[in-house]
Structures are given as structure tokens and as C-alpha cells.
Amino acid sequence: MSGKLLKKYSAVEGGFSYVGAVAAFLVVTVIYSFAVGALEEGSAVYEVVSFLFNILIQLCFLVAALLPARNLGSRMTYTFAKPTVRGVVSAAVLTVVCVVGFEGLALAFNYMLSSLGYTGGGIVSMAGALAIVFAVVRTVLAAPVCEELLLRGSVLSSLAVCGEMKRGLRIPFMVAVSGLMFALIHMNPQQTVYQFFFGCALAYVTIRFGSIVPAIIMHALNNAIGIVLSGPAVDGALSGWINGIFASGWGLGVFIAVSAALAVMAALVIRFVGRRFGGLEPESPEPHTGRTEDFENYADDGGTLAGTIMFIVGAVICLIMWVSRLVTGLGA
């Protein structure tokens, strides 16, 4: 390690990371819309260009996560700490818990969007072998690492030290805000409900196990399951079954009630596993007083306020884009 002492992470780094990632996402998206405008959708060239731009977005997330800490000489609280075997096993089990527990509410929300006339695009393209390969590389390999380093590395580390808070409230605050920011930055109405709950689960697991590695595993497995469920045969069978349930007057209500119960049960299981096999608590927002060989103490200097403002700016931009996509989908 170099002789220079590292500062403890503050709200500023996470705020810079989030608003920088949002800005990069918008810039790349605008360039992408021009780049594919003249290409035939579904063609090999279209798939390659789309893949490259999606990878570029993930690289922007990676840079946005790492650059503020590098420039300010600080270290994330949550990073690639070596996970325990229990952490890896817990991540695999909790991925299934999340899919079973939260997918029902997401399906019900998407059905209601469809009933209003929303026709937004799918999450991943499954049109052909090339598209499937690109989907796996992008969603199972690249996205889990880059997005978790941004949302559960930089952002969650900043939320851990964001202002004074009563004991018992910091973890719910960190979990809820991280989940919300995770859902908003994708700016996709169809993904919002599931991504919020899943983002909360990823944040909680990261806090309890003190590492983003279990969250990366969960993210990768979840996306892999999503690709399997997006296959034409599986998706067609599930859609037919779901639409059959929703077709009756009482079917939707019963489905929502059962899905809500499953979501509560999933949250309780995640909490139990996190406390039982992880058990760590977020660090205090006070300057670090231990491990002086790694960190130097410093005053907040208004960092919480500055970081909070940047978080709000990034979230508002995402919300505007979310509403814009919703309105566009409803008007299509």
C-alpha cells in the first residue's frame, strides 16, 4: 500500500458517481439512437451496434463508480472483499427467493401498464443466436459487475455515512434509497417494480456480508434466470397462463394478494439470512477512529449536503426520463 492515507468515503463520492453515471447513460443513449436509426432492427449489424453501445454504458458506470474515489483519495466501504462460503451460498439461495417473491408484483404492474395501452420494448432481445450470446455477455457478465460497483459500491458506501440517523433507521434508509436509485437509473417502467425490490435485496445483502461479491452473484444469477424465462417457448407459456388468470374479474385481485404475501415472505427470508449468516452493521457516519494505518480522519465539511443534492439531481433526471418513456409507450 502507498504511504498516502486514504480518507473514509463520504456522500460526495456517491453523489458524483450517480449523477455522472446518469449523464453518461443519457449521452450514450442519444448517440445510440442516431447510430441505429438507419439500421434494420434484428439484423446482425444492428445487434452488434446495440451490444457495443450497451457495453459502453456499463463501462461508463464502471468509470463513474471508480473515478470520484480515485480523485478524492478515498476508499469504498463496500467493495470486492473476499466473501465467505456462506455468503456465496446465501447469494444463490436468495436469488431464487427474490424471483419467486417479487416477480408476481412485477407481472401484475406490467399487466396494468398493458391494460392502459403501454407498449414499451422488451428487456433483452432474444431474436436469434447472436442476440442471445450478446444478452448473456451484457446482462450476466458485464452488468452485474459494473452496476453493483456503482450502486452497491459507490452509492451504498456513501449512504452508509450520509448524515446523522437514529440507530435502527440507517439500514432501512440505505436499503430503500439504493433500491430506488437502482430502479430509476434503468429508466424502464416495465422493470421498475422488480428492480426496486431486487435492488433493496442486493443492498441488504451487501451491508450484512460487507462485500459486493454476493450481490454480483445474485445479480448475475437473476439475469441468467431472466434470459431463460425470456425464451420464446417459456415466455409464451407463462404469458398464456398469466393472461388466463388476469382475464377473470377476481383473478387479478387474488394474484396481487398472493404476490404481496410472497413478497413479504421473501423480505423476511432475506432479513433472516442476512442477520444469521452475515450480521454486519453499516459503519458510523463519524470519522473513522480505528485502522489508522488505512484511513485518515476528516471533517464532513458539508459533504453530506453536497452529496445529497447530487443524488437528488440524478434521481430527478431519471424520473423525468422514466415518465417520458411511460408517456411515449402509452402513446405508441
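## Helix α10

Helix α10 covers residues 303-331, 29 residues in number. The model discussed here is a predicted one.

The buried residues of α10 are G303, T304, G307, M310, F311, G314, A315, C318, W322, L326 and G329. The elements that cover these buried residues include α1 (11-35), α3 (85-115), α4, α5 (170-186) and α6. V323 is also part of helix α10. With a relative accessible area of 38%, V323 is partly exposed. The C-alpha atom of V323 is 9.1 Å from that of N188, although 135 residues separate the two in sequence.

## Overall architecture

The protein has 10 helices and 3 strands. Read from the N terminus, the order of elements is β-α-α-β-α-α-α-α-α-α-α-β-α. The protein has 332 residues, of which 45% count as buried. Among contacts with a separation of 6 or more, 83% are between residues 24 or more positions apart.

## Confidence

Mean pLDDT for the protein is 86, with 89% of the residues at 70 or more.

Over residues 286-301 the pLDDT stays under 50. The model has 30 contacts beyond four places in sequence for this segment. Where pLDDT is low, the predicted coordinates should not be read in detail.

## Nonpolar cores

The largest nonpolar core has 63 residues. Those that touch the most other members are Y18, F61, C98, L150, I185, M218 and I270. Helix α6 (residues 192-209) gives the most to this core, contributing 11 residues. Another core, of 5 residues, lies apart from it and has A108, F246, L252 and F255 among its members. In soluble globular proteins, nonpolar side chains tend to be buried together.

Beyond four places in sequence, L150 touches S17, Y18, A21, F61, A64, A65, V155 and I185. Of these contacts, Y18, F61 and I185 are also listed with L150 among the core residues that touch the most other members.

## Cysteines

The disulfide count is 0. The sulfur of C60 has its closest cysteine sulfur in C146, at 9.8 Å, and is therefore too far away for a bond. C98 is in no disulfide either, as the nearest cysteine sulfur, in C200, is 10.0 Å away.

C98 has a relative accessible area of 0% and is therefore buried. C98 is also one of the residues that touch the most other members of the largest nonpolar core.

## Helix α2 and L62

L62 belongs to helix α2 (residues 44-72). Its relative accessibility is 24%, so L62 counts as partly exposed. Not counting residues up to four places away in sequence, L62 touches C146 and L149. L62 and E147 are 85 residues apart in sequence, with their C-alpha atoms 7.3 Å apart in space.

## Two buried polar residues

Helix α4 (residues 129-160) contains T139. T139 has a relative accessible area of 8%, which means that this residue is buried. A polar atom of the T139 side chain lies 2.5 Å from the backbone oxygen of A135.

N222 is found in helix α7 (residues 213-229). N222 is buried because its relative accessible area is 10%, and the cut-off for buried is under 20%. Beyond four places in sequence, N222 is in contact with T95, V99, Y194 and F198. N222 and V99 are 123 residues apart along the chain, and their C-alpha atoms are separated by 7.3 Å.

Note on methods: Residues are numbered from 1 along each chain as its sequence is written. This is a predicted model: local features need pLDDT of at least 70, side-chain atom pairs count only at pLDDT 80 or more; totals for chains, interfaces and linings use all residues. Side-chain values use heavy atoms; hydrogens and water are left out. Helices (H or I, at least four residues) and strands (E, at least two) are DSSP runs, numbered from the N terminus. Buried means under 20% relative accessible area, exposed over 50%, partly exposed in between (1.4 Å probe, protein chains only). A polar contact is a pair of N or O atoms within 3.5 Å; within protein, one must be able to donate a hydrogen and the other to accept it, and residues adjacent in sequence count only if both atoms are side-chain atoms. A nonpolar core is a set of buried Ala, Val, Leu, Ile, Met, Phe, Trp, Tyr and Cys residues joined through side-chain atoms within 4.5 Å. Contact means heavy atoms within 4.5 Å. A disulfide is a pair of cysteine sulfur atoms within 2.5 Å. The expected span of a helix is 1.5 Å times one less than its number of residues. pLDDT is the predictor's confidence in each residue, from 0 to 100.
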